[in-house]
Amino acid sequence: MDSSNGLLHVKTKKTILACTAAMIIILPVYLFYCLTCCCETLQAPVLYEPRVEAKLYNHAQRLSAEPGQLTEPPQERQIQQPHHLKHHHRDSTWSAWGSQGTDKMPGKPNAAAQELTEADAPPYVRNGDPAEPGGTPDEASSGILERSRTQAGSTFNASNTFSGFGQRRLPEAIIIGVKKGGTRALLEFIRVHPDVRAVGAEPHFFDRNYDKGFEWYRNLMPRTMEGQLTMEKTPSYFVTPEVPARIHAMSAHTKLIVVVRDPVTRAISDYTQTLSKAPRLPAFEDLAFRNHSIGLVDSGWSAVRIGLYAKHLEHWLRHFPQQQLLFVSGERLVTDPARELARVQDFLGLKRIISDKHFYFNQTKGFPCLKKPEGSSLPHCLGKSKGRRHPSINARYVQQLREFYRPFNLKFYQMTGQDFGWD
């Protein structure tokens, strides 16, 4: 009897040990399965605190954010924005394009537009970091300052702990022109706004890279969160005839900003930029005129052609209503930047945050600079390529150019309802 009880006791112990071993193996597998299921259905962190999330986003963006390659966007370590933070009115617009991978209207790049890159545009860079794609070597070496949360255009490389911040979207607003009009200054100024994020380099999607498709274009954009606006700027868009239809195909509701400047001063500035890269360039008057003696202007020269604003605007008004275009004065952007930025903020539907307190006038450069942003020890001015001294042009040629542009300017004033005072 004792031996039977002992045998039963041994069998019971073996059974208990076997069950325990099974539980040790099965329980972790079951817990892992449950957690996996939860992660698949969870749309946001379990404990979601907006203020804490914003601080983490701000901190991680300033400390990480490495410049990407424009032609081949880097592999992202970020994941998509939480569902409850998505712009439903934007996602529905872009989902069809995103699913196609490439757009249905690939266009041949316009040869004339190749001349119109604002190549010397100084990107916003962090302390000691190289410039973003599209910047010049001089700008890369100058290193400006640490970017704050509101100065967009860099990739947010936070760790997986912070994954779920933001989503890449096609731009809702584009600065489309004009070259040497003040587009870089406007982009830098508007990026101070906490609700604006913009790609720093000029994508040239609609005039040179259209055949790469909208998904390629979207991947160039910075991530945005709820209430933030995605922007880009490519000044050559305004003078490229194919671009209006292509932007309209992306979204008929895109807001378009054009920075314009006295076309004579703009042409001389354009020539000055080219001369800095090609010292053997012919004299300005030799390029601007077909015949000096009778003052016959060569409107085929790109520096002259860009200033025919009324002609270029006609292409845009065939596809967009005038209320979707804002014309910013390049001159007032220098003399009264806060006033022009107020107009831009209103146009974009943003709260007026950027004001006089954000600017000071740099007497050396001759244009306004941003006062030092939070976290930086230095103020921010545009790169040394800005504010070049213009070559001396014979006053007779300048006057002939003004006479040439006058009828085009007057028509432009009528079309926009603004008198820019160039005459």
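Guide: Let us begin with a word: a contact means heavy atoms within 4.5 Å. This is a predicted model, where local features need pLDDT of at least 70, side-chain atom pairs count only at pLDDT 80 or more, and totals for chains, interfaces and linings use all residues. Residues are numbered from 1 along each chain as its sequence is written, and side-chain values use heavy atoms, with hydrogens and water left out.

Visitor: Which residues does Ile247 touch, not counting residues up to four places away in sequence?
Guide: Ile247 has heavy atoms within 4.5 Å of Ile174, Ile176, Phe206, Tyr237, Thr254, Leu256, Trp316 and Phe320.

Visitor: What makes a group of residues a nonpolar core?
Guide: A nonpolar core is a set of buried Ala, Val, Leu, Ile, Met, Phe, Trp, Tyr and Cys residues joined through side-chain atoms within 4.5 Å. The largest one has 35 residues, and Ile247 is among those with the most contacts inside it, along with Phe206, Tyr217 and Trp316. Apart from this core lies another, of 28 residues, including Val259 and Phe359.

Visitor: Why is Lys180 called buried?
Guide: Buried means under 20% relative accessible area, exposed over 50%, and partly exposed in between (1.4 Å probe, protein chains only). Lys180 has a relative accessible area of 7%, so Lys180 is buried. Its place is in the loop between β2 and α5. Helices (H or I, at least four residues) and strands (E, at least two) are DSSP runs, numbered from the N terminus.

Visitor: What is the phi of Lys180?
Guide: Phi of Lys180 is near 60 degrees, a positive value in a residue other than glycine. Most residues other than glycine have a negative phi, and most peptide bonds are trans. In the loop that holds Val178, between β2 (173-177) and α5 (183-190), there is also a peptide bond to notice: the one joining Gly177 and Val178 is cis, with omega about -5 degrees.

Visitor: Is His204 buried or exposed?
Guide: His204 has 5% relative accessibility, which is under the 20% limit, so His204 counts as buried. Phi of His204 is near 50 degrees, again a positive value in a residue other than glycine.

Visitor: How do you know that Leu31 is partly exposed?
Guide: Leu31 has 45% relative accessibility, which falls between 20% and 50%, so Leu31 counts as partly exposed. Leu31 is found in helix α1 (residues 2-41).
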